[in-house]
Amino acid sequence: MENKYTLNSRVFRAFCDENRLMILEMLQTGEKCACHLLDQMNISQSTLSHHMKILCESGIVVSRKEGKWTYYSISSEGSEYAVELLKQLTEVNIKINIDNTKCCT
């Protein structure tokens with residue numbers, strides 16, 4: 001079983017490449033076939049597969065097979081998780097623990 005840091009790092013890895021960001025932007029308008037994504041990008045099929053694997057492993061994108069083609073779409077559950085994760089990690093925690101108010105003593 002993976003720990004939360006491993007799972008969460010997959011989410012952020014999905015966002016840290018310009019090709020993956022372009023793919024996500026294309027998927028905003030709905031499900032796309034891999035062939036459509038390839039037509040819109042200047043990358044090889046193997047490179048697209050690599051990016052799609054990372055996006056799917058993050059949970060932000062889901063895939064389905066239909067014949068020889070794979071179709072991709074944004075997962076509402078995965079994208080909600082990513083939004084909440086970012087909020088949690090960037091939210092300032094105003095609860096002060098008395099033990100943590102003293103530094104280096």
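The model is a predicted one, in which local features need pLDDT of at least 70 and side-chain atom pairs count only at pLDDT 80 or more, while totals for chains, interfaces and linings use all residues. Residues are numbered from 1 along each chain as its sequence is written, and side-chain values use heavy atoms, with hydrogens and water left out.

R64 forms a salt bridge with E31, in which the closest N and O atoms are 2.7 Å apart (the term requires a side-chain nitrogen of Lys or Arg within 4 Å of a carboxyl oxygen of Asp or Glu). Because E31 belongs to the loop between α2 and β1 (32-33) and R64 to strand β2 (residues 61-66), this pair ties together parts that are 33 residues apart in sequence. E31 is likewise partly exposed, at 37% relative accessibility. A network of salt bridges links E31, R64 and E66.

## Overall architecture

The protein contains five helices and three strands (DSSP runs, numbered from the N terminus: helices H or I of at least four residues, strands E of at least two). Read from the N terminus, the order of the elements is α-α-β-α-α-β-β-α.

The protein has 105 residues, 30% of which count as buried. Its accessible surface is about 7,900 Å², with 52% belonging to carbon and sulfur atoms (Shrake-Rupley method with a 1.4 Å probe; for residues, only the protein chains shown count as cover). Among the contacts with a separation of 6 or more, 53% come from residues 24 or more positions apart (contact meaning heavy atoms within 4.5 Å).

## Packing of α2 on α4

Helix α2 (residues 18-27) packs against helix α4 (residues 45-58) at an angle of about 75 degrees, and their axes are 10 Å apart (axes are lines fitted to C-alpha atoms, for helices over the stretch in contact; angles run from 0 to 180 degrees between N-to-C directions). The two helices α2 and α4 are therefore roughly perpendicular to each other (65 to 115 degrees; under 35 is roughly parallel, over 145 roughly antiparallel, and the rest oblique).

In this contact, α2 contributes N19, R20, I23 and L24, and α4 contributes L48, H50, H51, M52, I54 and L55. By class, the residues of the contact of α2 with α4 are six nonpolar, three polar and one charged (nonpolar: Ala, Val, Leu, Ile, Met, Phe, Trp, Tyr, Cys and Pro; charged: Asp, Glu, Lys and Arg; polar: the others, Gly among them).

## Packing of α1 on α5

Helix α1 (residues 4-15) meets α5 at an angle of about 105 degrees, with axes 11 Å apart. This pair, α1 and α5, is therefore also roughly perpendicular. On the α1 side the residues are N8, V11, F12 and F15, which meet Y81, A82, L85, L86 and L89 of α5. The contact of α1 with α5 comprises eight nonpolar residues, one polar and no charged.

## Salt bridges within helices

The structure has four salt bridges. One of them joins the side chains of E57 and K53, at 3.6 Å from N to O. E57 and K53 lie four residues apart in helix α4, so about one helical turn separates them. K53 counts as exposed, at 52% relative accessibility, whereas E57 is partly exposed at 38%.

Another salt bridge joins the side chains of E84 and K87, at 3.6 Å from N to O. Both residues belong to helix α5 (residues 76-90), where E84 and K87 are three residues apart, about one turn of the helix. E84 is partly exposed, with a relative accessible area of 39%, and K87 is partly exposed at 48%.

Technical notes:
Buried means under 20% relative accessible area, exposed over 50%, partly exposed in between (1.4 Å probe, protein chains only).
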